[in-house]
Structures are given as C-alpha cells and as structure tokens.
Amino acid sequence: MIELSKSDRAMIRCAAGDLDTAGVQNLEAKVVALLTKQIGNGTLSHITRNNVRAAIAQVTDEGK
C-alpha cells in the first residue's frame, strides 16, 4: 500500500468536486489501489504527480 503526500491528497480533493467526505475517501482509495496495482505489475517504478493526475483521471472516467 502506498502513502500519498498532502499535496496528492489535495489534488484528489480538488478533483472530487462536490462529493461528500465518503465520496472523497472512496476516490482516494480507488486512486491508491490503481497506483498500487500499476507498481505491482511493473507499469510504474515510482509515483510522480503526473502519475497521480493520470490515476485520478482514469478513476473518475470509469464512473461516466
């Protein structure tokens, strides 16, 4: 499991828009799960801010 920085968490809160607290926590959990999966399968070797942005975009697009 990875730990997100305060700025990464702030990025997720910003992307969450008008979601309630549970929605923001759910979005954060999905982003962390996606990044963990990408590290596990070798797609990523480390996480950058752009990786977090891409994961947020991918997770939010899944809901559409």
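Colleague: Before we start, what does buried mean here?

Modeller: Buried means under 20% relative accessible area. Keep in mind that this is a predicted model.

Colleague: OK. Then is Asp8 buried or exposed?

Modeller: Asp8 comes out at 10% relative accessibility, so it counts as buried.

Colleague: Where does Asp8 sit, and which residues is it in contact with beyond its sequence neighbours?

Modeller: Asp8 is part of helix H1, which covers residues 6–16. Once you set aside neighbours within four places in sequence, Asp8 is in contact with Arg49 and Val52.

Colleague: Let's zoom out. How many helices and strands does the protein chain have?

Modeller: Three helices and zero strands. Going along the sequence, the pattern reads α-α-α.

Colleague: Now the pair H2 and H3. At what angle do their axes cross?

Modeller: Roughly 120°, and the axes come within 9 Å. H2 is residues 21–40 and H3 is residues 49–62.

Colleague: Left-handed or right-handed?

Modeller: The crossing of H2 and H3 is right-handed.

Colleague: Which residues meet there?

Modeller: From H2 you get Leu27, Lys30, Val31, Leu34, Leu35 and Gln38. They meet Asn51, Val52, Ala55, Ile56, Gln58, Val59 and Thr60 in H3. By class, that contact has eight nonpolar, four polar and one charged residues.

Colleague: Gln38 is in that list. Why does it count as buried?

Modeller: Because its relative accessibility is 18%, and the cut-off for buried is under 20%.

Colleague: And what does Gln38 touch, leaving out residues up to four places away?

Modeller: Thr43, Leu44 and Gln58. Gln58 is also among the H3 residues at the contact with H2.

Colleague: Switching to the overall shape. What radius of gyration does the protein chain have?

Modeller: It has 11 Å. A compact globule with 64 residues would have a value near 11 Å, so the two agree. For the box, the C-alpha atoms fill roughly 35 × 25 × 20 Å along the principal axes.

Colleague: What percentage of the residues is buried?

Modeller: Buried residues make up 33% of the 64.

Colleague: Last one, on contacts. Of those with a separation of 6 or more, what share comes from residues 24 or more positions apart?

Modeller: In the protein chain, that share is 57%.

Key
Residues numbered from 1 in each chain as written. Predicted model: local features only at pLDDT ≥ 70, side-chain atom pairs only at ≥ 80, totals over all residues. Heavy atoms only, no water. Helix = DSSP H or I, 4+ residues; strand = E, 2+ residues; numbered from the N terminus. Buried < 20%, exposed > 50% of the residue type's maximum accessible area, 1.4 Å probe, protein only. Contact = heavy atoms within 4.5 Å. Axes fitted to C-alpha atoms, helices over the stretch in contact; angles between N-to-C directions. Left-handed = near helix turned anticlockwise from the far one by under 90°. Nonpolar A, V, L, I, M, F, W, Y, C, P; charged D, E, K, R; others polar. Rg over C-alpha atoms; globule rule 2.2 N^0.38 Å.
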